[in-house]
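Here are some exercises to work through with the structure in view. Try each task before you read its solution.

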Amino acid sequence: MENEKIIENITSAIDDIKGRDVTVIDVRGNSDVTDYYMICTGTSSRHTSAIAEKVNESLRRNGIRTYGIEGDSTGEWVLLDAGSVILHIMVPQAREAYQLEKLYTF
């Protein structure tokens, strides 16, 4: 239930700030790091950083702890760690180049 709450909260915050192409990948049983990876696209480096900030604020407001944000200073690829859910926020070029959906699909 906790994972569903985190995923719903993240998805809602992304939608509020016009993030695109949200993907949720269940890696339970395949990863010792987390239960879910989420990936979304921002329109620019400023937009990806703003998405991370919005998601972080939303999670904290709802009593969900975050463990850090990486990459928000450059914004090409921002990672937000919410423990059992890790969110990757990428500009379109980075998302196309790294193709995380293929990497995390087992």
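**Exercise 1.** Find the residue just after α1 that takes a positive phi, and give the angle.

*Solution.* Just after α1 comes Lys18, with a positive phi of about 70°.

A note on the ground rules: this is a predicted model, where local features need pLDDT of at least 70 and side-chain atom pairs count only at pLDDT 80 or more, while totals for chains, interfaces and linings use all residues. Residues are numbered from 1 along each chain as its sequence is written, and side-chain values use heavy atoms, with hydrogens and water left out.

**Exercise 2.** Check the span of helix α1, then work out where its buried residues lie.

*Solution.* 
- Step 1: The helix α1 covers residues 2–16, which is 15 residues. The expected span is 1.5 Å times one less than the number of residues. That rule gives 21 Å, and the end C-alpha atoms of α1 are 21 Å apart, so the two agree.
- Step 2: Pick out the buried residues, where buried means under 20% relative accessible area, exposed over 50%, and partly exposed in between (1.4 Å probe, protein chains only). In α1 the buried ones are Asn3, Ile6, Ile7, Asn9, Ile10, Ala13 and Ile14.
- Step 3: Look down the axis of α1: these buried residues fall within an arc of 165°, so they line one face of the helix. The arc is taken from the directions from the helix axis to the C-beta atoms.
- Step 4: Here is the background: an α-helix has 3.6 residues a turn, so residues three or four places apart point the same way.
- Step 5: Turn to the other side of α1, where Glu8 and Asp16 are exposed.
- Step 6: Now see what covers the buried residues of α1: the cover includes β1 (20–26), β2 (36–41), α2 (45–61) and β5.

**Exercise 3.** Is His88 buried or exposed, and which side chain does the side chain of His88 join in a polar contact?

*Solution.* 
- Step 1: Find His88 in strand β5, residues 85–90.
- Step 2: Its relative accessibility is 3%, so His88 counts as buried.
- Step 3: Leave aside neighbours within four places in sequence; the contacts of His88 then include Tyr37, Met38, Trp77, Leu100 and Tyr104. Met38 is 50 residues away along the chain, yet the C-alpha atoms of His88 and Met38 are separated by 6.1 Å.
- Step 4: Look for a polar contact (a pair of N or O atoms within 3.5 Å; within protein, one must be able to donate a hydrogen and the other to accept it, and residues adjacent in sequence count only if both atoms are side-chain atoms). The side chains of His88 and Tyr104 are joined by one of 3.3 Å.
- Step 5: Move to Tyr37, which sits in strand β2 and is buried at 9% relative accessibility. Tyr37 touches His88 and Tyr104, among others including Thr23, Ile25 and Ile86.

**Exercise 4.** How many salt bridges are there, and how accessible are the residues of each?

*Solution.* 
- Step 1: Start with the idea: side chains of opposite charge can pair when their charged atoms come close.
- Step 2: Apply the rule, a side-chain nitrogen of Lys or Arg within 4 Å of a carboxyl oxygen of Asp or Glu. The count comes to 2 salt bridges.
- Step 3: Arg28 pairs with Asp26, with the closest N and O atoms 2.5 Å apart. Arg28 is partly exposed at 47%, and Asp26 is partly exposed at 37%.
- Step 4: Arg95 pairs with Glu101 at 2.4 Å, N to O. Here Arg95 counts as buried at 11%, whereas Glu101 counts as partly exposed at 23%.

How values were computed. Helix = DSSP H or I, 4+ residues; strand = E, 2+ residues; numbered from the N terminus. Contact = heavy atoms within 4.5 Å.
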